[in-house]
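Have the structure open while you go through them.

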Protein chains: 2
Amino acid sequence: MPVDLTAPLPSELFAVPGVRIGSTMAGVRKVGRRDLSVWLLDEGSAVGGVFTQNRYCAAPVQLCREHVALGSVRAFLINTGNANAGTGADGLARARRSCGALAAKLGLLPEQVLPFSTGVIMETLPVERIEAGLDAALLAAAPDHWFEAAQAIMTTDTLPKAASRRIEIEGRSVTLTGIAKGAGMIRPNMATMLGFVATDACVAPALMQALAREAADASFNRITVDGDTSTNDSFVVVATQKAGHAPITDLDSPAGRALRAALNDLAVQLAQAIVRDGEGATKFIRVQIDGGRDEAECRLAAYAIAHSPLVKTAFFASDPNLGRILAAVGYAGIADLDQSLIEMHLGDVHVVTAGGRHPEYVEADAARVMKGSDILVRVNLNRGSATSTVWTCDFSEDYVRINADYRS
Amino acid sequence: MPVDLTAPLPSELFAVPGVRIGSTMAGVRKVGRRDLSVWLLDEGSAVGGVFTQNRYCAAPVQLCREHVALGSVRAFLINTGNANAGTGADGLARARRSCGALAAKLGLLPEQVLPFSTGVIMETLPVERIEAGLDAALLAAAPDHWFEAAQAIMTTDTLPKAASRRIEIEGRSVTLTGIAKGAGMIRPNMATMLGFVATDACVAPALMQALAREAADASFNRITVDGDTSTNDSFVVVATQKAGHAPITDLDSPAGRALRAALNDLAVQLAQAIVRDGEGATKFIRVQIDGGRDEAECRLAAYAIAHSPLVKTAFFASDPNLGRILAAVGYAGIADLDQSLIEMHLGDVHVVTAGGRHPEYVEADAARVMKGSDILVRVNLNRGSATSTVWTCDFSEDYVRINADYRS
């Protein structure tokens, strides 16, 4: 059950000039599922991408890194049902072959195609099924297929995730539209499982990487469902250069700032949507750590809380067993942490002061906060001025059910 | 449901000369539960202890560290139902008061008492109930109360955990008997929630700390249920010096080696018992990492696997979705790991070679192994000769149920 999240209406998703998307049911793993999509990018599009830090990264991630660096990407090829990870040299060859097949149909080089896969790890990619589906996907390609594109990357997601923004730069309308998927193996360390944003903004290609990185750090790199960093995390930003304004060559110019603000905001919405639709999620939880010496230690503490199965099950039960949060802060790995300085708030309730229970704290107040669906946990370490926020969800019996059944 | 684990028979637990144990129902949190115990150690006993590395360590842990260092411990005071952690200065005062109350009844100094608490965090310790229960516990004190002692430290454990060993040193019979408890918030980083071993061996007091450390490293520091390092982990070894052999002054002497072997073996049995009775556990899983550059990186990979909710739910389902194990190895934090060198076995089944699926691997073989209750996962990193093993359990819907209900 997604938490305060509904599917976008197709009419809310704006086409991005220079991008056409087509999808089909290729039967990669199961029949009757929209599991293959192709993105066609007009010539001159610039692409930036960030990819998983998992050392066991998937074959398509390895190819994406190579192909993005070459700087003339013209197409994406995305499949669900198979991650093509843990597949060794054979997996790499199959990913290359799928790029080659699409490139041949489009008169491109294989290196101009970015491949993306998501699904079960350590299964052989059925590349012949992907090849067989290419014509249908290409035939369907159109600028207004963003809703179908979001559907075509879903695995255990219960809802498609997509959003649009429209801003003005130099009096020209600039569009940004993005899609993303979750919903398990979510603790992105670069990007999420799969996230794509396209804009028709005019941006110097050399800036794309920095744009993608900043947006990922503000969004997908702040979420966790289960602490499992995927082998396939990929987040890609495309600028088709069609909007007609002067190219952005400085990200700190007014136009650069406007674009970054819109892009980061869109990425945050997509990232939060992944958490809201996290496997088995019933609550959306914001974990904010203040008063750290640096952001890194704030993140350590925030992720320790956000990954603790005990904390997450307590939230599921709406049980203010909040000592579990303190325990997580204590084992987060901040070597010289002084527990006597810790303050904690749950929503507006002051729970812990000077490291111990606040004298006026009563559980009924915390229980009231925990019954909500959008909950803020604030811990102040009181040893500096750094801060960091992580978004996560609770941990329910449904998470176990979903992951015990995922392949069946 | 504990995995291949039964309660010990009281007759299997040997008394340790110099140790008397009494317990009672003090109503610390709930009535009708054996929740308070007192250990009385004869004069001359030597004690070593290791305690949680959680920076949010409990008040009793803080006092234990102080009191062990003073070197004349004569009594333990143990309660369940309340962890006295996250309780600030007031919690420390209450722990001191409980030590003082027991010391006064025994004609000791408060510093000769080690306090241990386990239960809910951030609740005020009802020290008056503990004081009120002391007389009944002392009245019950006897050398043959090891079974009751194991019962008296249970929280969410389904079975008491205790075991004995008997060895010969210089023709004298030497006894070791220990108890431990789990069953959640188990990822000891020093010791487990609570573990106690007593022996009548004659050991130079200066060696006790090294003995305790080695035993903890061989046992409690290799287990995990849910990755949550407790605020109260404590593991204590007592030598009452009653066995009549010449004192051990060198841990590498034949007598020292014999004692260490028996102690480590006993500690491993107790630690594995905690995992076998892990909250919701249905399977016992040994994660062995070979071929690391050093033990530290082997432990990183082993714990990444052992903590992954996706790996643990796959084991619960007996679903050989083994790519999840590769993903965990990949995000374990080994910066320059080369995935193309990885080999993986599940039991006797060769699953992964050269980083990819073994050509002769068929899932039916892995499925057969996963249906067992005691499963060995072996991953070879092929970059060195170090090795490390971690013991864990699977992750079931019952874990969520237990932890969503723990306080109710």
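1. Start with the charges. This is a predicted model, and across the interface of domain 1 of chain A and domain 2 of chain A the rule picks up 1 salt bridge. Have a look at Asp374(A) and Arg276(A): they form a salt bridge, with the closest N and O atoms 3.6 Å apart. That distance sits within the 4 Å cut-off for a salt bridge.

2. Which elements give two or more residues to the domain 1 side? They are β9 (223-224) and α6 (254-276) of chain A. The largest share of that side comes from α6(A), with 4 residues. By type, the residues of domain 1 of chain A that touch domain 2 of chain A split into 5 nonpolar, 6 polar and 4 charged.

3. Now for the bounds. The domain assignment of chain A puts domain 1 at 10-276 and domain 2 at 284-405. Counting residues in the contact, 15 come from domain 1 of chain A and 16 from domain 2 of chain A. As for spacing, the C-alpha centres of the two domains of chain A are 33 Å apart.

4. Last, the area. Interface size is often quoted as the accessible area lost when the parts come together. Between domain 1 of chain A and domain 2 of chain A, about 1300 Å² is buried, and carbon and sulfur atoms give 55% of it.

Methods:
Residues are numbered from 1 along each chain as its sequence is written. Chains are lettered from A and ligands numbered from 1 in the order in which they are written. This is a predicted model: local features need pLDDT of at least 70, side-chain atom pairs count only at pLDDT 80 or more; totals for chains, interfaces and linings use all residues. Side-chain values use heavy atoms; hydrogens and water are left out. Domain bounds come from an automatic or database domain assignment. Contact means heavy atoms within 4.5 Å. Buried area is the accessible area (1.4 Å probe) that two parts lose on being put together, summed over both. A salt bridge is a side-chain nitrogen of Lys or Arg within 4 Å of a carboxyl oxygen of Asp or Glu. Ala, Val, Leu, Ile, Met, Phe, Trp, Tyr, Cys and Pro count as nonpolar, Asp, Glu, Lys and Arg as charged, and the others, Gly among them, as polar.
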